[in-house]
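Hi,

Here is the model I said I would pass on. Have a look at it first, and then read my notes below.

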Amino acid sequence: MDSVVQIRDLWVSIGGRSILRGVNLEIPRNVVFAIMGPSGSGKSTLLRSLNRILDLYEGVSVKGQILIDGVDVYNSKTDPSEVRRLVGMVFQIPNPIPNMSIYDNVALGPRINKLVRSRWELDNLVKRALEKAYLWDEVKDRLHLPASKLSGGQQQRLCIARALAMKPKVLLMDEPTSNLDPVASAKIEELIVELKRDVTVVLVTHNSFQASRVSDYVAFMYDGQILEVGLTGQIFTRPKNKLTEKYITGRFG
Amino acid sequence: MKPLMLRKIRSLTMLALISTAFALTLLPVLSLIGTVVYNGMSVVFRNFPGIFFDIPAAPGSSEVGGIGPHLLGTMLLVALAMAIGTPISILAAVFTAEAIKSWERNLGRLTRLLTHMMIEFPTIVVGLAVYGLMTTLAPYIRALIPGFRPFSLLSGVIALIMVSAPYMYAQVEDGLKSIPQHIREAVYSLGAGRVLTSYVLLRYLKSTVYAAISISLARMISETAALFFTAFGSNVYPPLDSNLLFRPVGSLTLAVYTLGLSGYENWVELSWAASFILLMLCLALFALSKVVIRGE
């Protein structure tokens, strides 16, 4: 199996409290990989360790190895910015820069990383990213309005476009629909399924139904460990672990 | 019927009280502006536009002359202090707010603590401290620059920076701190390093930064006490040579004080003119900052 992400014996503690306790995981290329589990199980920390956003927190210690597309993420010679170029991220709260225009928000990544050489190239990149995020038709006439003028669902799709403009290999999504209404959520879910053609999506969700609807693989996390991993169909029909079964049938979590 | 009447009476009483309070707040502001305009404007127009360029007329004469040296002094002091103080304040604020490693965070905490303490220092003490420092260093500086004097433009600039930079630092730092963590993470997640992220965040905070700059500017222009022992004041133009930094200079605020206390009628009038110009500068700055912030 060709895995784009390999996690080997990952231990993470924040402020002396251990959050991840020996996580091993292989994520195949061009799939939607869902990580589900109750609050506090370490899903978000696992996701944040993949692009080293965790570095921004005080008192974090990481042990173990993560390889993303061949890059050893926690090697002391690896520049975190290099990792973040490879790994896009969409957050729980839609977070475009509010007073920046729609266009500039999408162009931010390419500009920071000097991905393009001409205005024409940038225009194209922004257009394609917005198209992939199903947002182009809604915003093409008002690209220069501030991003704060968009609705919550549109802002979240803008954030997806912003991440896609970097042409990442992996897209991390941290409960991307938990702050959206059902209609906007459905649109994002539809989009997630489409995205896997270009990028591997790692989706953290506390909503097991969402995981069953959009993912190809699913991992169940509990108390800093991965209890079960497998094809989504398998996990949702024949879970091996008792806790997984309880979780997906809605008896806890 | 009765309760309705009662409510109406109560409401009217409250309205009256609030209106009175409002008038009482407005009164001192209007009277201050009124007094300064009434006493100062006529003097400005008696020698216009010479008031901006001339030196004060001889004390006791019928002429008023001008406050050119003081205006120039204020401009020099403020321009230099802003040019040096602004980058220092903003960079220090960025360092504190965007600290990641634990030694950076600790140094940032110390910086914040000391700076917040500095905000509370009486400015006359700041001026005295700078004077003390310059006097102590004077023999060594004179070895390099023979004309150096502790009473100088340089001392004034240092004092102004010490008075005003902590404010700018605190405002920019508060602004950066108030940015939600998820916005900061969004910029980092796009592959920006710390310098670029800080730049993007400062641009996001544009109006806060502008406000901090204009408030510092107003504070520097109106600062008096810190300049007594440093810039010292002067009623003549300093020679514009390489020793400019090391000689005393005048300032509008010092002019208001020294000319106003001189007892000569024409100098007192000149003091009012300086007050008027000072007030207009500060009001203009205030208006400008409002326009800039609204434009955002």
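First, the housekeeping. This is a predicted model, so to speak of local features I need pLDDT of at least 70, and side-chain atom pairs count only at pLDDT 80 or more, while totals for chains, interfaces and linings use all residues. Residues are numbered from 1 along each chain as its sequence is written, and chains are lettered from A and ligands numbered from 1 in the order in which they are written.

Chain B has eleven helices and zero strands (both are DSSP runs numbered from the N terminus: H or I of at least four residues for helices, E of at least two for strands). It comes in two pieces, domain 1 (1-38) and domain 2 (50-295), with bounds from an automatic or database domain assignment. Their C-alpha centres are 38 Å apart. Along the principal axes, the C-alpha atoms of chain B fill a box of roughly 70 × 65 × 30 Å. Of its 296 residues, 39% count as buried, that is, with 20 or more other C-beta atoms within 10 Å of their own, C-beta atoms being placed from the backbone.

Where the chains meet, 19 residues of chain A are in contact with 15 residues of chain B (C-beta atoms, placed from the backbone, within 7 Å). On the chain A side, helix H2 (80-86) and helix H3 (102-112) are the elements that give two or more residues.

Now the sheet in chain A. It is open, with six strands in the order E6-E7-E8-E3-E9-E10 and mixed pairing (strands pair if DSSP finds at least two bridges between them). E6 and strand E10 (225-231) of chain A each have a single partner strand, so one side of each lacks a neighbour in the sheet.

Four bridges tie E6(A) to strand E7 (residues 170-174) of chain A, and the two run parallel. A:Val87 stands opposite A:Val170, and A:Gly88 has A:Leu171 as its bridge partner.

Cheers

Terms used: Contact = placed C-beta atoms within 7 Å. Buried ≥ 20, exposed ≤ 12 C-beta atoms within 10 Å, placed from the backbone.
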